[in-house]
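Good morning, and thank you for coming.

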Amino acid sequence: MRKVFLIALLLLASLSAPNPAAAQGSPSEVIALINAYRAENGLPAYKENGTLMQLAQGQADYLASIVTSSDVHAGPGGTRPRDRAYNAGYGGGATIFISEIVKYGINETPQSAVSWWKTSQPHNDTMLASTYVEIGAGVATDGNGRYYYAAVTGYISGGVYQADSSSQPSSAPQVVMIPVTIAEPRPDGTVVHIIRQGQTLWTVAAVYEVPLEQILQLNNLPEDAVIFPGDEIIVKPASEVQATNTPQSDGATATQRPTRTPIPAGEDEQIAAAQNSTPVQLAQTNISSAEKAAAQNATVKLVVGIALVSILGVVAASFFIQRPRRSEPPDNDPFAPID
């Protein structure tokens, strides 16, 4: 009779005992803690995504089934987080960004998991990433007091996302989101955006209508990049802006650049010297040139004059040579004419 009574007590105790797995939190609690942490850092909340929820829960269940693993991100068949996301159809074939964080241990809780993620730079970057938009979480146990927590964040390239804080827990501080305003190009043509409160890289990419991949490449940022208000982000390089913002013609005809007239050898130095001369030197140069021209004209005139005189002399000489001479008069004729 006593044995029956003891068995009954044990059964009642087991029935009244809380479910260990339920006592260690839920996927929604993990997401709420992460979003609260993002709100504390001025970031919008991640949006819960059904596909990512399945991926995170599947990885948590897999890790619990094998108890331990040297690589907590390796799934069945050695698959990686992005492989599993593609296989599950996340993104519909578009380029996707995926990050997965995992924490497990004896009597682990959502609070202790998130607290540990904060102390690890790669895990902390995933929780505060400015590139990811959606999230999924999973919780599992191996039945021996060990609990597994997984969170998967994702972004679909070219996806249309709108800021939404509806998934934030009511206890989390509200995020003030300053709308993204397109910045004017700098003098060299580069477009640089200054991050404001609540802005993320994917919102900047959407407003400027450029691929998120381009922003990451221009700024040498990883997929889980974390940005803060005041950070300067290059959106478009100078070459691209100059090519896309060529000024339109206003109807005026462009003046063609004059061609250079060939200059005889030796005059380049004179021209260069004249261009570098002072006004007084230029005046002196002009005077010298005028004097030189006048001297040249005088020389020409002199040569012409001499030539004319010579011609006249020749003509006169030929006249006297060709004239016939008269016979000499008698020496005794005093009235004879004298030539």
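This is a predicted model: local features need pLDDT of at least 70, side-chain atom pairs count only at pLDDT 80 or more; totals for chains, interfaces and linings use all residues.

K103 and E108 are both buried, where buried means under 20% relative accessible area, exposed means over 50%, and partly exposed lies in between, with a 1.4 Å probe and protein chains only. Their side chains meet in a salt bridge, at 2.7 Å from N to O. By salt bridge I mean a side-chain nitrogen of Lys or Arg within 4 Å of a carboxyl oxygen of Asp or Glu.

Residues are numbered from 1 along each chain as its sequence is written, and side-chain values use heavy atoms, with hydrogens and water left out.

Let me continue with the charged pairs. Side chains of opposite charge can pair when their charged atoms come close. The count by this rule is 6 salt bridges. Another of them joins R84 and E100, at 3.1 Å from N to O. R84 lies in helix α5 (residues 81-87) and E100 in strand β2, so this pair ties together parts that are 16 residues apart in sequence. Helices here are DSSP runs of H or I with at least four residues, strands are runs of E with at least two, and both are numbered from the N terminus. R84 counts as buried at 12% relative accessibility, and E100 is buried at 9%. A further salt bridge links R80 with D71, whose closest N and O atoms are 2.7 Å apart. Here R80 is partly exposed, at 33%, and D71 is partly exposed as well, at 29%.

We turn now to the sheet. In what order do its strands lie? The sheet is open, has 4 strands in the order β1-β3-β4-β2, and shows mixed pairing. Its edge strands are β1 (47-48) and β2 (96-106), each of which pairs on one side only. Two strands pair if DSSP finds at least two bridges between them. β1 and β3 (residues 134-141) pair in the parallel sense over 2 bridges, and K47 stands opposite E134 in β3.

Across β1, β2, β3 and β4 (146-156) lies helix α4 (residues 50-66), running at about 25° to β3. That angle is taken between N-to-C directions on a scale from 0 to 180 degrees, with axes as lines fitted to C-alpha atoms, for helices over the stretch in contact; contact means heavy atoms within 4.5 Å. Which residues of α4 are buried? They are L52, M53, L55, A56, Q59, A60, L63 and A64. Seen down the helix axis, they fall within an arc of 165°, so they line one face of α4; the arc is that of the directions from the axis to the C-beta atoms. The face turned away from this buried side carries the exposed residues Q54 and S65. The buried residues of α4 pack against α3, β1, α5, β2, β3 and β4.

Just after α3, G42 takes a positive phi of about 75°.
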